[in-house]
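Biologist: I have not looked at this one before. Can you put it up and walk me through it?

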Amino acid sequence: MGVGPSLPAELGLLAGPFARGGFKRAQARASFHSHTRKSHGHLSEIIVYDEECFQGRRHEFTSECCNVMEFGFETVRSLRVESGAWVGFEHAAYQGQQFVLERGEYPQCDAFGGSNAYHIERMTSFRPIACANHRECRMSIYERENFLGRKGELSDDYPSLQAMGWCNNEVGSLRVQSGAFVCYQYPGYRGYQYIMECDRHCGEYKHFKEFGSHSQTPQIQSIRRIQQ
């Protein structure tokens, strides 16, 4: 049985596209053209269990859960995402570490954040990512807070921003024009995760402290689109 869905394979990297304006051109060549129904029109469903390997008490959700303890759970120890994309949180009221949950099976807590994340021992709240749309994602990242400094336009998956020509290992602020992305602290989709959505904060994250309640630094070094 697989441990959650696998992350995207690393893409071939271009040399310095940020510096020469090639970043946008590369995205134009790699852009997707889709006439499929938008993801936020689909029903999201998740089944959670209070024991590992899909045992014990279970409950199905199609909408957000602010505190799983209200449903008789101490925590969630395994889960199945039947449809849609979700974001899980370490603590109640959508606080603490956050991690993306895409369609698939997660038999233990360690699977929630993927093999490259920090150790996760609990998930107490979660909600669907209504705007997730893998084929139509656009985001602008900025060197400094309040959308100042150097700017980059993203619409694909980037296992290393620096290898793509980004100026440093930090992102001061960002705007999500469409879809949803998961940003990672380190290259190769490793470290803390930050879920960025076009329908949260009006898609605007002016300061790294708005990335999540667990955000202590503007360090972001890899980014990918969220699978629906």
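Modeller: Let me start with Phe 54, which sits in the loop between β1 (45-51) and β2. Keep in mind that this is a predicted model.

Biologist: What is the phi of Phe 54?

Modeller: Phe 54 has a positive phi of about 65°, although it is not a glycine. Most residues other than glycine have a negative phi.

Biologist: Is Phe 54 buried or exposed?

Modeller: Phe 54 has a relative accessible area of 11%, so it is buried.

Biologist: Which loop holds Ala 93?

Modeller: Ala 93 is in the loop between β4 (86-91) and β5 (95-101). The phi of Ala 93 is also positive, near 60°.

Biologist: OK, on to sheets. What is the strand order in the open sheet of four strands?

Modeller: The order is β2-β1-β3-β6, and the pairing is antiparallel.

Biologist: Which strands stand at the edges?

Modeller: β2 (55-61) and β6 (104-106) do. Each has a single partner strand, so one side of each is left without a neighbour in the sheet. On average, neighbouring strands of this sheet are turned by 15° against each other, direction ignored.

Biologist: How many bridges join β3 to β6?

Modeller: Three bridges join strand β3 (residues 78-83) to β6, and the two run antiparallel. Leu 79 stands opposite Tyr 106 in β6.

Biologist: What does UniProt place at residues 44-83?

Modeller: An unreviewed UniProt entry places the feature "domain: Beta/gamma crystallin 'Greek key'" there, and also at 84-130 and 137-178. In the model, residues 44-83 are 0% helix and 50% strand, with their end C-alpha atoms 5 Å apart.

Biologist: What is Ile 223 in contact with?

Modeller: Leaving aside neighbours within four places in sequence, the contacts of Ile 223 include Met 139, Ile 141, Leu 161, Phe 181 and Tyr 189.

Biologist: And how many bridges join β8 to β10?

Modeller: Five, and these strands run antiparallel. Ile 141 stands opposite Leu 174 in β10. β10 is also joined by two bridges to strand β13 (residues 204-205), again antiparallel. There Leu 174 stands opposite Tyr 205 in β13.

Biologist: One more residue. Where does His 134 lie?

Modeller: His 134 lies in the loop between β7 (125-128) and β8.

Biologist: Why does His 134 count as buried?

Modeller: Buried means under 20% relative accessible area, and His 134 counts as buried because its relative accessibility is 19%.

Biologist: Which residues does His 134 touch?

Modeller: Not counting residues up to four places away in sequence, His 134 touches Asp 157, Arg 225, Ile 226, Gln 227 and Gln 228. With Gln 227, the side chains are joined by a polar contact of 3.3 Å.

Notes. Residues numbered from 1 in each chain as written. Predicted model: local features only at pLDDT ≥ 70, side-chain atom pairs only at ≥ 80, totals over all residues. Heavy atoms only, no water. UniProt positions renumbered as here; feature names shortened; annotations may be inferred. Contact = heavy atoms within 4.5 Å. Buried < 20%, exposed > 50% of the residue type's maximum accessible area, 1.4 Å probe, protein only. Polar contact = N/O pair within 3.5 Å; in protein donor to acceptor, adjacent residues only side chain to side chain. Pairing = 2+ DSSP bridges. Axes fitted to C-alpha atoms, helices over the stretch in contact; angles between N-to-C directions.
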